[in-house]
Structure formats: C-alpha cells, structure tokens
Amino acid sequence: MLIPDSVEARYWFERAAEQGHLVAQYSLAKLYLSDDLEVRDTRTGMNWLYTAAVNGSHYAMHRLAKECLKGEHIQKDTARAVEWFTRSAERGNPYAQYMLGKLYLAGKEVPRDEEKAAYWLTQSAEQGNQYAQYKLGRMLIVNEFSEEDIDEGVYWFFLLYTSDA
C-alpha cells in the first residue's frame with residue numbers, strides 16, 4: 001500500500017474505524033501490517049484485521065485466513081485458516097474460493113476432497129479468477145473423471161486463453 005502521508009492516513013482511518021466503518025477498519029489493519037516503519041504495528045494491525053473480519057469484511061476474512069495459514073504474525077492454525085477462508089468464500093470472495101479449492105485439491109493442510117475443490121474453484125472461476133480457471137481446467141482434464149469433465153476443462157482453458165487479461 002503506497003500512501004504519501006501514512007501518519008495522517010492512520011489518523012483518519014482510526015477515526016473512521018473507531019466509528020465502525022468496515023472499510024476503514026480493514027484499511028487501517030493493512031496500514032499497520034504494511035512495511036511502512038512510521039506506522040507499522042503488527043499487534044494493532046492484527047487486532048484491526050480481526051475486528052474487520054468479525055464485523056463482516058470478506059477481504060479481512062481472507063487476509064486473516066492467510067495469516068492463520070502462514071503463521072508469521074500469529075500462531076499457525078490451519079483449521080482457523082480454513083474457517084476464515086470458508087466465511088470469506090461464502091460471502092463471494094473469489095480469492096478465498098480459489099484458496100479453498102487449492103487447499104482441498106492439494107490435500108496437505110486439509111484432507112484431499114476433489115468435490116469440494118471443484119466446487120470452490122468453479123465458484124472462483126465463474127467470477128473471472130484466471131488462476132482458478134487454469135487450476136479447474138487442469139484438474140478436470142488431467143483427472144479425466146468423465147467425458148463431460150474433459151469438455152468442461154477444455155471450456156475453462158478456452159475461456160482463460162481468450163480473455164483480455
């Protein structure tokens with residue numbers, strides 16, 4: 001996050017966040033968790049991130065899930081990470097949906113579940129997430145569940161490679 005005057009930004013984000021403004025709570029969390037030494041405060045940032053997530057920010061839920069999965073700023077907790085990814089994904093966050101799909105497909109942090117992986121990757125791919133489109137297309141073609149699955153996999157690859165991005 002590049003902010004010309006991060007100290008002043010912190011001041012205004014704090015005022016709005018304390019009044020319950022959800023976007024300000026998440027923005028303040030990101031500011032405190034940034035690499036900007038003038039405002040960096042990991043503990044306060046994690047507190048605001050949790051507050052924003054509890055208050056319903058699917059972006060904060062996604063970021064909190066990533067923090068739980070990495071274990072860098074807080075203790076690693078895969079079960080909590082999956083819980084927060086799921087909450088975010090259920091609110092339509094395509095990045096959380098993609099992460100759940102990846103987790104269920106890989107089967108390392110959670111038990112492998114190709115049905116759940118396909119469900120979450122599809123949710124994300126339908127929102128235009130190209131990483132999900134690729135992962136889903138590859139999963140369907142490589143695993144060759146059925147002729148229909150191969151056709152659907154080809155569809156996702158076609159969509160991916162014909163997009164403007």
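The protein chain exposes about 9,600 Å², and carbon and sulfur atoms supply 49% of that area. These values come from a predicted model. Of the 165 residues in the protein chain, 42% are buried. The fold is built from 9 helices and 0 strands.

**Overall architecture**

- Read along the sequence, the protein chain shows the pattern α-α-α-α-α-α-α-α-α.
- The C-alpha trace of the protein chain spans about 60 × 35 × 25 Å along its principal axes.
- Among contacts in the protein chain with a separation of 6 or more, 40% come from residues 24 or more positions apart.

**Packing of helices H6 and H8**

- Two packed helices are described by the angle between their axes and by the distance between those axes.
- Helix H6 covers residues 94–106 and helix H8 covers residues 130–143; the two pack at an angle of about 30 degrees, with their axes 10 Å apart.
- Because angles under 35 degrees count as roughly parallel, H6 is described as roughly parallel to H8.
- The crossing in which H6 passes H8 is left-handed.
- On the H6 side, the contact is formed by Tyr 98, Lys 102 and Leu 105. On the H8 side, Tyr 131, Ala 132, Lys 135 and Met 139 take part.
- The residues of the contact of H6 with H8 comprise 5 nonpolar and 2 charged residues, with no polar ones.

**His 62 in helix H4**

- His 62 is located in helix H4, which runs over residues 58–70.
- The relative accessibility of His 62 is 12%, so this residue counts as buried, the cut-off for that class being under 20%.
- Leaving aside residues up to four places away in sequence, His 62 touches Phe 85, Ser 88, Asn 93, Tyr 95, Ala 96 and Met 99.

**Gly 20 in the H1–H2 loop**

- Gly 20 belongs to the loop between helix H1 (6–18) and helix H2 (22–32).
- With a relative accessible area of 46%, Gly 20 is classed as partly exposed, because that class lies between the 20% limit for buried residues and the 50% limit for exposed ones.
- Gly 20 and Thr 162 are separated by 142 residues in sequence, and their C-alpha atoms are 42 Å apart in space.

Technical notes. Residues are numbered from 1 along each chain as its sequence is written. This is a predicted model: local features need pLDDT of at least 70, side-chain atom pairs count only at pLDDT 80 or more; totals for chains, interfaces and linings use all residues. Side-chain values use heavy atoms; hydrogens and water are left out. Axes are lines fitted to C-alpha atoms, for helices over the stretch in contact, and angles run from 0 to 180 degrees between N-to-C directions. Helices (H or I, at least four residues) and strands (E, at least two) are DSSP runs, numbered from the N terminus. Angles under 35 degrees count as roughly parallel, over 145 as roughly antiparallel, 65 to 115 as roughly perpendicular and the rest as oblique. A crossing is left-handed if the near helix is turned anticlockwise from the far one by less than a right angle, and right-handed if clockwise. Contact means heavy atoms within 4.5 Å. Ala, Val, Leu, Ile, Met, Phe, Trp, Tyr, Cys and Pro count as nonpolar, Asp, Glu, Lys and Arg as charged, and the others, Gly among them, as polar. Buried means under 20% relative accessible area, exposed over 50%, partly exposed in between (1.4 Å probe, protein chains only). Accessible areas come from the Shrake-Rupley method with a 1.4 Å probe; for residues, only the protein chains shown count as cover.
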